[in-house]
Amino acid sequence: MPIVVGIETTCDETSVGIVEFLGQSRKKNKKIPQIRELSLVILSQEIHSKYGGVVPELASRSHLDNILSVFREAVDRAGIKLQDIDLISVANGPGLPGSLMVGVNFAKGLAQALSKKIIMVNHVEAHIVSPLIENDIPFPFFSLIVSGGHTSLYLVRDIGNYEPLLKTQDDAAGEAFDKIAKIFRLPYPGGPVIDSLSQGKEPIFYFPDVESEDFSFSGLKTFCIRTAKNWFGPFPLPEFLASAQKKIVDELFRKTVNKVSEISENFPEPIYIAITGGVARNSYMRSLLLKADGKIKFVFPHPRYCMDNGTMIAFLGGLRNLVFGQLSDLKEEINPTYRLKPSGGIG
Ligand code: KG4
Ligand code: ZN
């Protein structure tokens, strides 16, 4: 069965995933083949932690230093020989130009040296379809991507057919976590730190709502700075962070459910909302939404598939090639501002 290598270097994770496409289709979504992950290596660059955000020059240098050993480790763990690889899939955008260059040039070199096929895929699309790696979800379903760079809700009618429904009008949800952490001098990335400091804490602070249809998170920073500045006595930081976390999750939940309810009146039930991207690792969000009952079913990919990872790139590249016959050639380049074509089949 075809073996696909996925290479991910769009931001601050150097990752290689190797998957095998198994022929049989699933029960609910017959179009999507089953896959087996043979290995996944994710190296999260820690060098950015003290800078409060990703430093592009350091990110590309670190990808360059590590890509070969991450690839070798993935091949070793998968127990395959290089010649067993059938297809190389790489994310060529959107992302940081220097970081994308490392992944794309590595993938091209590999394709050329091994005489293998190559396909370049969109990183955001890989997040959108990542819930299908392990879950049998029928089309159409809703995919909410909540990461450091993107916060958008899509209606997924098919592979390649994504209707954008909501987006953020300012910061992404992950960016809001990161900026709040920076205000309180906590390390980058802020999401996991706020998540762990909030464990078991009461969200006693009230954050005002933003009345817009789209998501909005930029007001949170001002509220954080003002509250901390005007506070007398020891500041109850964990309770404050738990409140900020609750606010971000509530904002995502409320606006997503409103929009989905509006669109899905005639959809067969249950209605699936898959939540992906780094913020989907948040434990408060997972515990809250997994408990949700009713006609909407929330699906969370495994936490390792929520963050940037090579398996989702291998999965999307494999789908596009094996199911739809798509391929790239070696002349194709990085596309740092790569936008998804909203709909209209395989774009
Ligand atoms: O999808 P991702 O790994 O990279 C991007 O494509 O951006 O997402 C990274 C973002 C960061 O902003 C990080 O703070 C956030 O995901 N994040 C979390 C958690 N883990 C990562 N946010 C909230 N709670 C978490 N547990
Ligand atoms: Zn991402």
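The sections below cover peptide bonds and then phi angles in this predicted model.

Most residues other than glycine have a negative phi, and most peptide bonds are trans.

## Cis peptide bonds

The bond that joins G93 and P94 is cis, and its omega is about -10°. P94 sits in a loop. That loop runs between strand 4, residues 87-93, and helix 2, residues 97-114.

A cis bond is also found from F139 to P140, where omega is near -5°. P140 belongs to the loop that connects helix 3 (123-129) with strand 6 (141-146).

## Positive phi angles

S115 is not a glycine, yet its phi is positive, near 55°. This residue lies in the loop between helix 2 and strand 5, the latter covering 117-122. Is S115 buried or exposed? S115 has a relative accessible area of 65%, and exposed means over 50%, so S115 counts as exposed.

R185 is another residue other than glycine with a positive phi, near 55°. Where is R185 found? R185 is in the loop between helix 4 (173-183) and helix 5 (190-198). The relative accessible area of R185 is 78%, which is over the 50% cut-off, and therefore R185 is exposed.

Key
Residues numbered from 1 in each chain as written. Chains lettered and ligands numbered in written order. Predicted model: local features only at pLDDT ≥ 70, side-chain atom pairs only at ≥ 80, totals over all residues. Heavy atoms only, no water. Helix = DSSP H or I, 4+ residues; strand = E, 2+ residues; numbered from the N terminus. Buried < 20%, exposed > 50% of the residue type's maximum accessible area, 1.4 Å probe, protein only.
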